[in-house]
Amino acid sequence: MTEEAELPGDAAQAGGVMPTAEPESGTAELDGERRRRHASSGTASSVVRLAGISCRRGRRQALHRVSLEVQSARVTGVLGLNGAGKSTLLGVVAGLYRPFEGTVWVLGERLPSRGPELRRRIGVVLQETALYEDLTVTENLRLTAALYSLARPARRITEVLELIDLAERAGDMVASLSGGMRRRVTLARALLHQPELLIIDEPTLGIDAEARHAIWEHIRLLRARGTTVIAASNYLDEVQALCDTAAVLHEGRLVANETPASLVAQAGQCLDLDCAADAAAGITDLVLNLPGVTRAEVSSGGLTVFLREDADTDEIVREVLQRAHITGFRVRAADLAEVFGVLDPVRKETA
Amino acid sequence: MTPTLTALGGGFRAEFQQLRRSRLLVVLTIAEAVTFLMLVSIFGLTGSHVPTAVVDRDGGKLARQWAQVMSATYQTYGVRYMDASSAEKALNRGDVAAVLYIPDGFSQHMAHHSMIRIHFRVDNVNADLTNEVELGIPPAARAFAVANHFPGIRVVSAETDLVPHEVGFIPYLVVSALALAAFVVAGTLAASAVAREFETGTLAYLKLSPAHPLIPLAGRLLATGAVSAAAVSVSALLVVVGYGVEPVHPAATAVGLLLCVVIFSCIGAGIGTVVQRALPLSALIFGLALTFYLDSGSLEPARFYGNRLWVIGHTSPAYYAVGILQYGVHGLRVTPETIPVSFAALICWALLAAGAAWLGLRRAVVT
C-alpha cells in the first residue's frame with residue numbers, strides 16, 4: 001500500500017463531519033470548493049497524522065520521533081511544559097517547520113506541501129499575537145482577507161467579529177486593545193477563511209480569567225460546528241476544559257496520548273502536608289507504607305504525597321495526624337508537573 | 001482580480017494605512033529630503049568665501065582699488081574694512097581668516113611703479129582657508145597690475161569651454177542632493193516596512209497564507225515607493241522654484257529620479273531583510289548613502305578624483321544617478337558614459353537590487 005493510498009480515508013471523514021448547516025459566509029466559489037474537497041477526501045477520521053517525526057529548532061532537537069493522529073471535529077490538546085516541543089509540533093503541522101525525519105499528512109496532503117490550496121484550509125494562531133498595531137481590527141482582517149482572496153471580505157469580517165464578540169471594537173486600533181482582545185483578534189484572523197483545521201498555540205497565554213473563558217467558549221463553538229482544533233497549552237485545567245484528547249509532550253517526546261480525564265486519573269490526587277524540612281523525611285517513610293500512596297516528594301513547604309484516585313484520603317490524613325507533627329494539610333488535584341511525574345517512564349519505574 | 005493582485009493590493013493598502021496614521025513620519029521624511037538641499041547648500045557656502053579684514057593705512061584710490069580687485073579676481077575673499085585693532089581682535093576671535101595691511105604710501109609707490117611690501121596675517125588653523133589666501137594673492141596682483149598698465153605685465157587669457165554655460169557650485173550640488181534624498185528616503189521607508197514584518201512576527205502569518213509572502217511585501221514596497229517619490233518630488237520642486245534651477249531635460253530628470261526611488265527601495269528592502277530591526281536602519285542607510293554620494297561625482301565629476309576612486313564610483317548606483325540628473329537638469333555630461341548607458345546601468349541596478357531583495361526575503365520567509 002502506498003502512503004497516498006492510506007490517506008483517502010483521512011479527509012473523507014473531515015468532510016463527513018463538517019456540518020452542512022454551517023453558515024458559509026464566504027462565496028459561492030468557496031462553498032463549491034469546500035464541497036469539492038470534501039467529496040474528494042474519502043471517509044477516514046484522521047485530519048492530521050504524524051508518523052515518527054523528528055525536528056530541529058536551531059541546534060536543538062525539539063521533537064524525537066513523534067507519532068500522533070488528530071481526529072476530525074475534535075479538539076486535541078498538546079500539553080507540555082515550556083520547551084517541551086509543543087510549538088514546534090504545531091509549526092510542523094502548520095507547515096512552518098520541516099521535520100528531518102518522519103512523514104506528516106495534513107488534510108489528505110503529505111507535507112511539505114507548498115500548495116496554496118492546503119494553506120487555505122488551515123487556520124493558525126501562533127503564540128505571538130503578531131498583529132499590525134497601527135491598523136484597526138477591521139484593517140488587520142482586511143489584509144488577511146486579501147491574502148486569502150476572500151470574495152466578500154466585508155461580510156465575512158463582520159460575521160467573524162460577531163462570532164468572537166469583537167464587533168463593537170472593529171474600528172479600534174489594535175494598539176488600544178487589551179491582551180485578551182488581541183488574542184481574540186488573532187483567533188478571528190485564523191477563522192476568517194473558514195478553515196477546516198485550526199491550530200492554536202497557547203490560546204489563553206497571558207490573559208485574564210474572563211477572557212480565557214470567552215476564548216474557551218469560542219473554541220467549543222468551533223468544535224460544535226465541525227472544525228478540527230489542535231491547541232497547545234501549558235495548563236492542565238485548560239486541556240481538561242477544552243480537549244477531547246491530550247497529547248503530552250515531554251522534552252520533545254510524546255509520553256501520553258489519551259483523554260484529559262484519564263491523564264488526571266493517572267496522576268490521582270495530591271496531599272500537601274505542611275511540616276518542617278527535617279520532619280519531612282520521617283513522614284515520607286510513614287506515608288509510603290499507607291495504602292493508596294504512590295510516592296512522596298519533599299517540597300519547600302513540607303511534603304507532597306501522591307495518591308491513587310481510589311485512595312482513602314480521610315484515612316491517610318488521620319494516620320498522618322496521629323503519628324506525625326504537621327501544621328496543616330490540603331487535598332487537591334495533581335497539576336501538570338505532577339502529571340509528568342507520573343508519565344515520566346524513569347520516575348514511573350522508581351515509583 | 002487574480003489572487004496575486006488581491007494580495008499585492010492588500011499589502012499596498014495596509015502599508016498606506018499605516019503611513020497615513022504616521023503623518024509625522026511622512027512629514028519628517030519629506031523634510032529629510034529637503035534638508036539635504038540645505039545641507040549641500042551650506043556645505044557649498046562655507047567654502048566659498050575667506051573672510052578677510054583689510055586695514056587700509058594708505059586711504060588712497062589705488063589702495064581701495066587693490067582690495068576691490070583682490071575681491072573680484074579671486075572670489076574666495078570676503079573683504080571687510082577695519083582698523084588695525086579691530087582686525088587683530090577679529091582675527092584672534094576667528095571672525096576673519098586673514099588680515100591684509102595696505103601700508104601708508106601704497107598709492108604713491110604704485111603710481112611710481114616702485115616696489116612695496118604688503119603684509120598678510122593668516123589664521124592658519126584652517127589649512128584649507130590658508131591655501132585659499134595664498135593662492136588668491138598672485139592672480140589678484142596680476143589683475144591689479146594689468147588694470148593699472150604697469151610696465152612688464154601682459155596677461156592674455158584664452159579659454160575654450162567644454163559646455164556652453166557654467167553652473168554654479170551650489171546649483172550643481174543641489175541636483176546631486178536629489179539622488180542622496182532618494183537613497184535615504186526610499187531606502188529607509190522600504191527597509192522599515194520589511195524590518196517591521198520581522199519585528200512584529202507578522203511575517204510568519206504571511207508565510208502561512210496561500211499568497212506567496214513576497215506578494216504582500218511587494219505591495220508594501222509599492223506604497224513606500226509612492227511616498228518616497230512624493231518626498232523627492234517636493235525636493236525637486238524646491239530645486240526648481242527655490243534655487244531657480246530649471247531642468248534642461250525634464251523627462252530625463254523625472255525618469256532618473258523615479259529609477260533612483262525604485263533602486264533604493266529595493267536596496268532598502270534587502271537591508272531590512274538582513275537587519276530585521278527598524279531602529280538601526282536610519283543610521284545605517286544614512287551612513288551607506290553618504291559613502292555612495294561622496295564617491296559618485298556629486299561634488300564634481302568623479303573622474304577628477306583619480307582613477308581608483310573613479311572606478312569605485314562606477315560600483316555605485318548614485319554615480320549613474322548623478323550623471324543622469326546633472327544631464328537632465330543642467331545639461332552637463334559629468335560621466336564619460338553616454339546617458340543611455342547610464343540609464344541602462346541604472347535599470348540593471350534596479351533589477352539586481354530587486355533580485356537581491358527577492359532572494360533575501362525568499363531565504364527569510366521559506367523554511
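Where is the place of Glu202(A)? Glu202(A) sits in the loop between strand S7 (197-201) and helix H9 (209-224) of chain A. The model is predicted: local features need pLDDT of at least 70, side-chain atom pairs count only at pLDDT 80 or more, and totals for chains, interfaces and linings use all residues. Residues are numbered from 1 along each chain as its sequence is written, while chains are lettered from A and ligands numbered from 1 in the order in which they are written. The model scores ipTM 0.71 and pTM 0.74.

**Confidence**

- Chain B averages a pLDDT of 85, where pLDDT is the predictor's confidence in each residue, from 0 to 100.
- In chain B, 95% of the residues score at least 70.
- Where pLDDT is low, the predicted coordinates should not be read in detail.

**Chain A overall**

- Chain A holds 15 helices and 14 strands. Helices (H or I, at least four residues) and strands (E, at least two) are DSSP runs, numbered from the N terminus.
- Of the 351 residues in chain A, 46% are buried. A residue is buried if 20 or more other C-beta atoms lie within 10 Å of its own, exposed if 12 or fewer, and partly exposed in between; C-beta atoms are placed from the backbone.
- Take the contacts in chain A between residues at least 6 apart in sequence: 72% join residues at least 24 apart. Two residues are in contact if their C-beta atoms, placed from the backbone, lie within 7 Å.

**Backbone details in chain A**

- Glu202(A) has a phi near 50°, a positive value in a residue other than glycine. Glu202(A) counts as buried because it has 21 C-beta neighbours inside 10 Å.
- Ser149(A) also has a phi near 50°, positive in a residue other than glycine. Ser149(A) lies in the loop between helix H6 (137-147) and helix H7 (153-163) of chain A. With 24 other C-beta atoms within 10 Å, Ser149(A) is buried.
- Leu111(A) and Pro112(A) are joined by a cis peptide bond, with omega about 0°. Pro112(A) is in the loop between strand S5 (109-110) and helix H5 (116-120) of chain A.
- Thr158(A) belongs to helix H7 of chain A. Thr158(A) has 16 other C-beta atoms within 10 Å, so it is partly exposed.
- Thr158(A) and Ala170(A) are 12 residues apart along the chain, and their C-alpha atoms are separated by 8.5 Å.

- The domain assignment of chain B gives domain 1 (3-43 + 165-365) and domain 2 (49-147). Such bounds come from an automatic or database domain assignment.
- The C-alpha centres of domain 1 and domain 2 of chain B lie 46 Å apart.
- Ser22(B) is in the loop between helix H1 (3-21) and helix H2 (23-46) of chain B. Ser22(B) is partly exposed because 14 other C-beta atoms lie within 10 Å.
- From Ser22(B) to Ala7(B) is 15 residues in sequence and 23 Å in space, C-alpha to C-alpha.

**Helix packing in chain B**

- Two packed helices are described by the angle between their axes and the distance between the axes. Axes are lines fitted to C-alpha atoms, for helices over the stretch in contact, and angles run from 0 to 180 degrees between N-to-C directions.
- Helix H7 (residues 169-200) and helix H13 (residues 317-330) of chain B pack at about 135°, with axes 8 Å apart. H7(B) is therefore oblique to H13(B). Angles under 35 degrees count as roughly parallel, over 145 as roughly antiparallel, 65 to 115 as roughly perpendicular and the rest as oblique.
- Residues of H7(B) that meet H13(B) include Val175(B), Leu178(B) and Phe183(B). Their partners in H13(B) include Ala321(B), Leu325(B) and Val329(B).
- The axes of H7(B) and helix H9 (residues 214-241) of chain B come within 9 Å and cross at roughly 155°. H7(B) is therefore roughly antiparallel to H9(B).
- Among the H7(B) residues meeting H9(B) are Val174(B), Ala182(B), Leu189(B) and Glu197(B). The H9(B) side includes Leu217(B), Arg220(B), Gly225(B) and Val239(B).

**Interface**

- The contact takes 22 residues from chain B and 20 residues from chain A.
- On the side of chain B that touches chain A, the elements giving two or more residues are H1 and helix H8 (202-208) of chain B. The largest share of that side, nine residues, comes from H1(B).
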